[in-house]
Amino acid sequence: LQSKVKDTDERALLARAKIINSVLEFLCLAGGLLVSVDVLNIKTGATLKSIYSSFGLATIITAFGANQLALDVVSGLALHGSDKVYEGEKVLFGNGLKGYV
């Protein structure tokens, strides 16, 4: 039973990694295009400025939205670094979440 759960978790993790990779690749290409347009001094009018301001606003919104995710990552790293929980142990958290490490 644990091997099936592990395989399912690995597949889900791989799927998330592929999605994140695709999003990051798109953002890098879009950013590179905008920088190229700016460096080459291609006249685009006010539209380029509005795109830059939209990216700034999107960054602020994403930062606020990712606050809990960042907190979870830092908490997980602190728990891992404390060396109190080992692989294969059963854990039970305060919010009722339980599982195996």
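Predicted model: local features only at pLDDT ≥ 70, side-chain atom pairs only at ≥ 80, totals over all residues.
Residues are numbered from 1 along each chain as its sequence is written, and side-chain values use heavy atoms, without hydrogens or water. Local features need pLDDT of at least 70, side-chain atom pairs count only at pLDDT 80 or more, and totals for chains, interfaces and linings use all residues.

Student: In what order do the elements of the protein chain run from the N terminus on?
Tutor: Helices (H or I, at least four residues) and strands (E, at least two) are DSSP runs, numbered from the N terminus. The protein chain has 3 helices and 2 strands. Their order is α-α-α-β-β.

Student: Is isoleucine 19 buried or exposed?
Tutor: Isoleucine 19 sits in helix α1, residues 2–39. Buried means under 20% relative accessible area, exposed over 50%, partly exposed in between (1.4 Å probe, protein chains only). Isoleucine 19 has a relative accessible area of 56%, so it is exposed.

Student: What is the relative accessible area of phenylalanine 55?
Tutor: Phenylalanine 55 belongs to helix α2, residues 46–65. It counts as partly exposed because its relative accessible area is 39%.

Student: What distance separates the C-alpha atoms of phenylalanine 55 and glycine 31?
Tutor: Along the chain, phenylalanine 55 and glycine 31 are 24 residues apart. Their C-alpha atoms are separated by 9.7 Å.

Student: How many of the residues of the protein chain, in percent, count as buried?
Tutor: The protein chain has 101 residues. The share that counts as buried is 4%.
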